[in-house]
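Me: I would like to learn how to read salt bridges in a structure. Can we take one case at a time?

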Amino acid sequence: MEEATICTTWNAGGMSLDQRFAIIRSIGLESIDKDDVRRLLGKKVAPVCYVWCDPSPSVHIAQGIMMVINVRKMVKAGCKVKILIADWFARMQHKFDGDLTKIRTLGLYMIEIWKAVGLDLNGVEFIWLSDEINSHSDEYWALVMDIFRNNTLRTIIRCCGIEDRFMLNRSIIGSYDPKNVTASKLFTPCVHSACILLQKADIWLLSMDHEEDLHDKLIRQYCKGMKHEYRPIILSHNKLPNLKEHPEYGKNGDPAWAIFMEDREANLSDKLSRAFCPPKVAGGNPCLEYIKYIVFPWFGYFEVPRNEENGGSRMFQNMGELITDYEGGVLDAAEVRLALTEALSKILKPVRDHFANNCEAKDLEYEAMWCMSYY
């Protein structure tokens, strides 16, 4: 399949600075760069925003849906969005045997998923990290070396999260040995930071992942200390929680920890029927978090089908209404799980239909599944 790069010029559509700023802020967590965001929007009509994307063996719904929601917001706010497919980074970490062909196939598969979901391809540009590094190798490796020279080994270890993971896993699992950490793990923060700085972007949209947050701190520290000309604003969007009650165990081979774009209706129903959803408790409830960050932004409402004897179906317009009814016992966990299953099924149906009915998409899915089978 041909790798097309598509880009158009966007503007803010006549919106005020406050309106554009509100859209950017709605993407996720409070940013310590919020004043910088406002100044940037006041200075630039079309800031350049990059989105980091790791080719993955299975596409998490956060990659497939939340990313599309956030990209749409960035475009609406007037940004020129560039999605960076980190194929070279995956190769460096020896994912899929370090085979760049397999990794690129998965990158193309993810692009096809975004197309099926409804991402407006006229509003984004797809960039392959391997192409960027090959085209700017002198600049890139000089930047990597400079970041290395201006940081101590202790700083790099801290940015890898190795000490934190050791303490966490020693208390829970007891099998994590920091002596087995490879040198490439120590290399990762510097090459990741250099990849981000190389693009000279105005904004980087990253998930609120512990490791990415540590790399973010390394970038800030480096730019401040070296007076780097292109210090990007880092926006961190919310991260979907683990669907299991104990997230420490959820990712250890149990696919029920999350919803993936490949999940069929039976898988979706099974996962959500077993998801942690404590009665009358909204805080830390993963099902409500999925509703907040996926369903409401996608539909603008959340519908709970109910029998007439139970008061009939209820249409919620915001999370406040939903939380009030849930914590008050008006809605029970089973109703929420069922309604969430139906909502996500509607969102994922166009993806299932696209790969079932489009021959090129079906072939690409087969190639991606073949690559995954060797992962």
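Predicted model: local features only at pLDDT ≥ 70, side-chain atom pairs only at ≥ 80, totals over all residues.

Me: Which side chain does Asp202 meet in a salt bridge?

Reply: The general idea is that side chains of opposite charge can pair when their charged atoms come close. Here the partner of Asp202 is Lys44, with 3.0 Å from N to O. Asp202 sits in the loop between α10 (183-198) and β4 (203-207), and Lys44 in the loop between α2 and β1 (48-53), so the pair ties together parts 158 residues apart in sequence.

Me: Is Lys44 buried or exposed, or something in between?

Reply: Lys44 counts as partly exposed, at 33% relative accessibility.

Me: What does Glu365 pair with?

Reply: Glu365 forms a salt bridge with Arg264, and their closest N and O atoms are 3.9 Å apart. The cut-off for a salt bridge is 4 Å, so this pair counts. Glu365 belongs to helix α17 (residues 359-373), while Arg264 is in the loop between α12 (247-250) and α13 (265-273); the pair therefore ties together parts that are 101 residues apart in sequence. Glu365 is buried, with a relative accessible area of 15%, whereas Arg264 is partly exposed at 40%.

Me: How many salt bridges does the structure hold?

Reply: There are 17. One of them links the side chains of Arg38 and Asp18, at 2.8 Å from N to O. Arg38 is in helix α2 (residues 34-43) and Asp18 in helix α1 (residues 17-25), so this pair ties together parts that are 20 residues apart in sequence. Arg38 is partly exposed, with 33% relative accessibility.

Me: What is the setting for these pairs, in terms of helices and strands?

Reply: The chain has 17 helices and 7 strands. Of its 375 residues, 50% are buried.

Me: How should I read contacts across the sequence, and what share join residues at least 24 apart?

Reply: Take the contacts between residues at least 6 apart in sequence; 76% of these join residues at least 24 apart.

Me: And what is the accessible surface of the chain?

Reply: The accessible surface is about 17900 Å², and carbon and sulfur atoms account for 51% of that area.

Key: Residues numbered from 1 in each chain as written. Heavy atoms only, no water. Helix = DSSP H or I, 4+ residues; strand = E, 2+ residues; numbered from the N terminus. Buried < 20%, exposed > 50% of the residue type's maximum accessible area, 1.4 Å probe, protein only. Contact = heavy atoms within 4.5 Å. Areas by Shrake-Rupley, 256 points an atom, 1.4 Å probe, with all protein chains shown as cover.
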